[in-house]
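The exercises below are meant to be worked with the coordinates open, and each is followed by a solution in steps. Please try each task before reading on.

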Amino acid sequence: MARSRPEPVQVVKQRRDAALGALVRGVPYIGFLGITFDRRGDELTAIMPFEDKLIGNPLLPALHGGATAAFLEVTAIIGLSWSMLWDEIESGRLDPDDLARGRLPSLPKTIGFTVDYLRSGLPRDAYARAQVTRSGRRYASVHVEAWQDNRARPFAQASGHFLMPPRDG
Amino acid sequence: MSVDKTKIAEQFITAIPHSRALGMELTSIGEGTAEIVMAYDERFIGDPETGVIHGGAVSALMDTCCGAAAMSHPRNPGSTATIDLRIDYMRPATPGQRIRAQAECFHITRSVAFVRARAMDDDADRPVATATGTFTVESS
């Protein structure tokens, strides 16, 4: 069977990065916290560079529990949206150029979110990854872990349930 | 509020950079209770379609308010840190309206403070979110 020639790698990468960039830029609060996403294939790592305005306890100093919670929730929502969009882009149902032009999909809505604070958040950059543990038509469950210097020593983890946006078909 | 508590309330937010960045204002502090208000700000939007504030900003408000309630309890000698915090979102906060959180430290031991809170917009009868959390009790 004749296979069509695969697209050049940079074209594929550019298209995926543009779609992810548009998704992230669409949310003002992500920009306010200075969070960015690093993509390797379909895996995303969220990065929250340290800033003074993220401090909750100036004596230690330590990150604010609210900044940590927001970082985890942002990672969960973007991770969940990205996993949903990835399938749609790869199957051709969704045109990533549309996304890049700002025609953004509706985001999942948080139903409940539980954060466990395992260690004090240091005044350093923080990283997080989300794992979609259950993804259904209406509801999805996501687990997130955040770490700083050492991947094996997370400083916070969270799990949340989300209401998925209605989809066509 | 007594002069002492009013002063503590004023200093509380000013001392926390993240809460100050979010424009929080501590409007009431009691013995294990606190109320904090956060004005609507377009930089805090989480849903670009509707202009609704991001859940993360509501989490920061709830965390600060619960922490304040835990610290203000007469049996808490010093500082506090969050152990866990669970938030349930009942409905989206109405865009343009400020969000007001009220927290109550309903039980405290030598090492743990148990706190619950709710957040409201202008329609106080229908909470936007509720939270329950546990906080450390640290000696001063």
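**Exercise 1. How many helices and how many strands make up the secondary structure of chain A?**

Solution. Begin with the conventions: this is a predicted model, in which local features need pLDDT of at least 70, side-chain atom pairs count only at pLDDT 80 or more, and totals for chains, interfaces and linings use all residues. Residues are numbered from 1 along each chain as its sequence is written, while chains are lettered from A and ligands numbered from 1 in the order in which they are written.

Helices (H or I, at least four residues) and strands (E, at least two) are DSSP runs, numbered from the N terminus. On that basis chain A has four helices and eight strands, and along the sequence they follow the pattern α-α-β-β-β-β-α-α-β-β-β-β. The radius of gyration of chain A is 17 Å, close to the 15 Å that the globule rule gives for 169 residues, so chain A is as compact as a globular protein of that length; the radius is taken over C-alpha atoms, and the rule is 2.2 Å times the number of residues to the power 0.38.

**Exercise 2. Describe the strand pairing around S8(A), and the two faces of that strand.**

Solution. Two strands pair if DSSP finds at least two bridges between them. Strand S7 (residues 139–147) of chain A is joined to S8(A) by eight bridges, the two running antiparallel, and A:Ala146 has A:Ala156 as its bridge partner in S8(A). S5(A) is likewise antiparallel to S8(A), with eight bridges, among them the one that pairs A:Thr110 with A:Phe162.

For the faces, a residue is buried if 20 or more other C-beta atoms lie within 10 Å of its own, exposed if 12 or fewer, and partly exposed in between, with C-beta atoms placed from the backbone. In a regular strand the side chains alternate between the two faces of the sheet.

**Exercise 3. Which elements of chain B give two or more residues to the side that touches chain A?**

Solution. Count first: with residues in contact if their C-beta atoms, placed from the backbone, lie within 7 Å, the contact takes 30 residues from chain B and 31 residues from chain A. The contributing elements of chain B are helix H2 (17–21), strand S3 (45–47), helix H3 (55–72) and strand S5 (82–89), and S5(B) gives the most, with eight residues.

Next, the pairing: five bridges join strand S5 (residues 109–117) of chain A to S5(B) in an antiparallel arrangement, and A:Thr114 has B:Arg86 as its partner there.

**Exercise 4. Is H3(B) enclosed or open, and how does its span compare with expectation?**

Solution. Because 18 of its 18 residues are buried, H3(B) is largely enclosed by the rest of the structure.

**Exercise 5. Characterise the surroundings of B:Val52.**

Solution. B:Val52 lies in strand S4 (residues 52–53) of chain B and is partly exposed, with 19 other C-beta atoms within 10 Å. Leaving aside neighbours within four places in sequence, B:Val52 is in contact with B:Ile45, B:Gly46, B:Asp47, B:Pro92, B:Ala93 and B:Pro95.

How values were computed:
Contact = placed C-beta atoms within 7 Å.
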